[in-house]
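Morning, everyone. Please have the sequence and the model in view, and follow along as I go.

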Amino acid sequence: MGTEKLRGIVLREQAKGESNKQIVLLAQGVGRVLLSARGARRAKSKLLAATQLFCYADFVVYEGKGFYSVAQAELKNSFYGLRLDMDKFSEGMYLAELTEAVTTEDAPHQGLLSHLLNGLYAVSVLRKPLPLVKAAFEIKLLCLAGYEPLADACAYCGCPDPQQPYFDVLQGVLRCGTCGEGRRGLPLCRDSLAALRHIVYGDPKRLYSFTLGPEAQKRLSAAAEAFVSAQLERGFRTLDFYKSVRCMDEPS
């Protein structure tokens, strides 16, 4: 029986029986893969450390009866900082579930693995506001998944600097406040529009290298979340959890 080497990050884990688990892995050059990890829930298992949510690791797998099983695993990064803060942990869970939602089995999904790794690093280490990281991650992820919006000019009149700009999340286009009347859209401002363009067209390595004031951040966050909802046409359990955690942090 042959073996195969995979490098990837655990998007989801599920207990199976008393000591086994299944994991969903986003693997480099392969895409989404379902793996069985026998005995991985035992305290002394050599697979325990590398088969947990968020873990980035090298795996040696073999094909069994219709599925792959983990023979060996070597941890590279556990993103342990996510487990020390409930806000960060809940956002990390959402980023992982959102990434899984745009992947399919046996499709390489160029760029998604590095995007998720950078996103988890930004949440766990960088001192950026979590809503800013979340919004930038959401928009760029959809760009990588084939839903890139047109944000360089108004889609109706071609104005590169729209007055009262709106982001049409259903069509994925920018419009002036006076164009496309009757179309659904989220209002932006000068700063949130600049941030949107930076996310869509800027250097991915500098994705999170911007700052926004409270009002601009609020507009960008609303637009990013609505864009995800409109394009993927589904909700996310982890997003609901993230919001509930954030609500608990807000002063009463």
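**From one arginine to the core**

Start with Arg-183. Arg-183 is partly exposed, at 33% relative accessible area; here buried means under 20%, exposed over 50%, and partly exposed in between, with a 1.4 Å probe and protein chains only.

A quick word on the source. This is a predicted model, where local features need pLDDT of at least 70, side-chain atom pairs count only at pLDDT 80 or more, and totals for chains, interfaces and linings use all residues. Residues are numbered from 1 along each chain as its sequence is written, and side-chain values use heavy atoms, leaving out hydrogens and water.

Back to Arg-183. Find Arg-183 in the loop between strand 8 and strand 9 (186-187). Helices (H or I, at least four residues) and strands (E, at least two) are DSSP runs, numbered from the N terminus. Leaving aside neighbours within four places in sequence, Arg-183 contacts Tyr-156, Asp-168, Gln-171 and Arg-175. Contact means heavy atoms within 4.5 Å.

Next, helix 4. Which residues of helix 4 are buried? They are Ser-192, Leu-193, Ala-195, Leu-196, Ile-199 and Val-200. These cover an arc of only 160° around the axis, so they sit on the same side of helix 4. That arc is taken from the directions from the helix axis to the C-beta atoms. Their cover includes helix 3, strand 6 (150-154) and helix 5.

Last, the largest nonpolar core. A nonpolar core is a set of buried Ala, Val, Leu, Ile, Met, Phe, Trp, Tyr and Cys residues joined through side-chain atoms within 4.5 Å. This one has 55 residues, and Leu-196 is one of those touching the most other members. Helix 3 gives the most to this core: ten residues.
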